[in-house]
Amino acid sequence: MAIQSNHIFINLPVKDLDRSMQFFGDIGFEFNEQMTDKNAACMIVGRNIFVMLLVEDYFKSFTGKELCDSAASTEVIVSITADSRAGVDEIVQNALAAGGSASNDKMDNEFMYGWSFEDIDGHLWEVMYMPENEDEGDDEFYG
């Protein structure tokens with residue numbers, strides 16, 4: 001039996017929680033206020049997909065490892081989808097306007113369109129649109 005999770009929570013350390021919330025709010029994301037306090041903010045990415053923005057000292061309480069310097073190293077790339085090519089562009093342009101920086105050039109091939117940005121803490125984000133999945137639904141991803 002394959003394991004299937006109902007929700008995903010990605011935990012990211014941030015230097016300044018208020019500034020990070022403003023940044024992601026400017027992109028267009030909303031937050032679950034019930035799961036937000038002075039140490040953490042629950043950013044809603046999708047129906048069952050959340051990013052927990054955790055103040056660095058609070059994040060450290062969950063691990064015995066040192067934090068990665070995201071300005072110099074990469075541990076993860078967070079990839080999300082958009083509903084259209086224009087949606088990809090809008091999300092990345094909003095991120096750039098909110099103080100993020102460009103990560104990679106746009107990628108455009110027959111299978112997907114994507115663009116990426118670096119958030120204000122140096123985390124990498126890929127935004128993708130995959131047109132071939134419009135008619136097929138997401139079943140191919142679930143086996």
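## A buried aspartate

D119 is buried, with a relative accessible area of 4%. Buried here means under 20% relative accessible area, exposed means over 50%, and partly exposed lies in between (1.4 Å probe, protein chains only). D119 sits in the loop between β8 and β9 (124-129). Helices (H or I, at least four residues) and strands (E, at least two) are DSSP runs, numbered from the N terminus.

Which residues does D119 touch, not counting those up to four places away in sequence? They are F23, F24 and W125. Contact means heavy atoms within 4.5 Å. D119 and S20 are 99 residues apart along the chain, yet their C-alpha atoms are separated by 8.4 Å.

## About the model

This is a predicted model: local features need pLDDT of at least 70, side-chain atom pairs count only at pLDDT 80 or more, and totals for chains, interfaces and linings use all residues. Residues are numbered from 1 along each chain as its sequence is written, and side-chain values use heavy atoms, with hydrogens and water left out.

## Overall build

The protein has four helices and nine strands. From the N terminus, the order is β-α-β-β-β-α-β-α-β-β-β-β-α. The radius of gyration is 16 Å, close to the 15 Å that the globule rule gives for 143 residues, so the protein is as compact as a globular protein of that length. That radius is taken over C-alpha atoms, and the rule is 2.2 Å times the number of residues to the power 0.38. Along the principal axes, the C-alpha atoms fill a box of roughly 45 × 40 × 30 Å.

Buried residues make up 37% of the 143 residues. Take the contacts between residues at least 6 apart in sequence: 49% of them join residues at least 24 apart. The protein exposes about 9,300 Å², and carbon and sulfur atoms supply 47% of that. Accessible areas come from the Shrake-Rupley method with a 1.4 Å probe; for residues, only the protein chains shown count as cover.

## Charge

How many positive and negative side chains does the protein have? There are 8 positive and 28 negative ones. Lys and Arg count as positive, Asp and Glu as negative; His and the chain ends are not counted. The centres of the two sets lie 8 Å apart.

## Three salt bridges

Side chains of opposite charge can pair when their charged atoms come close. The structure holds three salt bridges. Each is a side-chain nitrogen of Lys or Arg within 4 Å of a carboxyl oxygen of Asp or Glu.

One joins K15 and E56, at 3.0 Å from N to O. This pair links distant parts of the chain, 41 residues apart. K15 is in the loop between β1 (8-14) and α1 (17-27), while E56 is in helix α2 (residues 56-60). K15 counts as exposed at 61% relative accessibility. E56 is partly exposed, with a relative accessible area of 24%.

## Two pairs at helix α3

Another bridge joins D108 to R85, with the closest N and O atoms 2.9 Å apart. D108 lies in strand β7 (residues 107-108) and R85 in helix α3 (residues 85-97), so the pair ties together parts that are 23 residues apart in sequence. R85 is partly exposed, at a relative accessible area of 38%.

D89 and K106 also meet in a salt bridge, at 3.6 Å from N to O. D89 lies in helix α3 and K106 in the loop between β6 (101-102) and β7, so parts that are 17 residues apart in sequence are tied together. Is D89 buried or exposed? At 17% relative accessibility, D89 counts as buried. K106 is partly exposed, at 41%.

## Other sites

N104 is in the loop between β6 and β7. N104 is partly exposed, with a relative accessible area of 44%. Beyond residues up to four places away in sequence, N104 touches W115, S116 and E126. The C-alpha atoms of N104 and E126, 22 residues apart along the chain, are separated by 8.9 Å.

E118 belongs to strand β8 (residues 113-118). E118 is partly exposed, at 23%. Leaving aside neighbours within four places in sequence, E118 is in contact with G100, S101, S103, H123 and L124. D83 is in the loop between β5 (77-81) and α3. D83 is exposed, with a relative accessible area of 76%. D83 and M130 are 47 residues apart in sequence and 8.5 Å apart in space, C-alpha to C-alpha.

Technical notes
The place of a charge is taken as NZ of Lys, CZ of Arg, CG of Asp or CD of Glu.
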